[in-house]
Amino acid sequence: MPTHAERRYLPYSRKELFDLVAEVERYPEFLPWCTAVRVTRRSGNIFHADLVVRFKVFQERFVSKVTLHPHELIDVEYINGPFRYLNNHWRFIAADDGGCTIDFYVDFEFRSKVLQKLIGMLFNEAVSRMVGAFETRAHELYGEREQPIDEAEAGRPAASQA
């Protein structure tokens with residue numbers, strides 16, 4: 001039953017932020033409580049991923065189907081695990097200055113009343129921390145930016161200095 005929606009502007013292109021979120025195999029490197037990820041099946045812009053999440057004494061594994069709509073939307077569909085349901089999406093909205101607004105939404109309910117009660121008390125803080133981890137990761141990968149770079153240049157390496 002916890003629901004969280006958050007919009008956050010970042011000075012990075014839609015492509016950069018989309019690629020960051022879509023690369024789920026890297027989540028254990030920076031995402032709080034995510035200890036392991038394995039992509040089990042991939043077909044075009046759709047893949048299935050197993051995620052292992054650990055919080056205090058709780059460790060849970062869940063499977064989701066991820067549909068990529070390049071540079072615009074990432075839809076996550078719950079398949080199996082500790083939830084009654086899980087609805088999640090990331091929308092990437094280009095800003096006029098070349099940056100991007102991320103529209104993040106998650107809604108879920110655990111099967112376990114104990115887990116539901118525990119996460120309910122910490123939910124908004126935990127989700128904000130997770131979204132913040134993606135922002136920090138963008139700074140690490142793409143550098144600190146006050147001004148976004150042109151989206152056409154986002155995929156190209158920087159020109160070398162002589």
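Which residues does L68 touch, not counting residues up to four places away in sequence? In this predicted model, local features need pLDDT of at least 70 and side-chain atom pairs count only at pLDDT 80 or more, whereas totals for chains, interfaces and linings use all residues. Residues are numbered from 1 along each chain as its sequence is written, and side-chain values use heavy atoms, with hydrogens and water left out.

With that counting rule, L68 touches F18, A22, N45, F47, L73 and I74, a contact being defined by heavy atoms within 4.5 Å. L68 lies in strand β4, which spans residues 58–69; strands (E, at least two residues) and helices (H or I, at least four) are DSSP runs, numbered from the N terminus. The residue is buried, with a relative accessible area of 13%, where buried means under 20%, exposed over 50% and partly exposed in between, for a 1.4 Å probe and protein chains only. Although L68 and N45 are 23 residues apart in sequence, their C-alpha atoms are 5.1 Å apart in space.

Strand β4 belongs to an open sheet of seven strands, in the order β1-β7-β6-β5-β4-β3-β2 and with antiparallel pairing; two strands pair if DSSP finds at least two bridges between them. Because β1 (3–10) and β2 (34–43) stand at the edges, each with a single partner strand, one side of each is left without a neighbour in the sheet. From one strand to the next, the twist averages 20°. The antiparallel strands β2 and β3 are joined by eight bridges, and S43 has I46 in β3 as its bridge partner. Helix α1 (residues 14–22) packs on the sheet, touching β1, β3, β4, β5, β6 and β7, and its direction makes about 160° with that of β6; axes are lines fitted to C-alpha atoms, for helices over the stretch in contact, and angles run from 0 to 180 degrees between N-to-C directions.

The structure also holds two cavities of 30 Å³ or more, a cavity being a set of points on a 1 Å grid over the protein atoms alone where a 1.4 Å probe fits but cannot get out, and lining residues having an atom within 4 Å of a point. Grid points are joined across faces, edges and corners, and a volume is the space filled by probe spheres set on the points. The largest cavity has a volume of about 790 Å³ and is lined by 35 residues, of which L51, V53, F62, F83 and M130 lie nearest its centre.

Note on methods. On a 1 Å grid over the protein atoms alone, a cavity is a set of points where a 1.4 Å probe fits but cannot get out, and a pocket is an open set with protein on both sides within 12 Å along at least five of seven lines; lining residues have an atom within 4 Å of a point.
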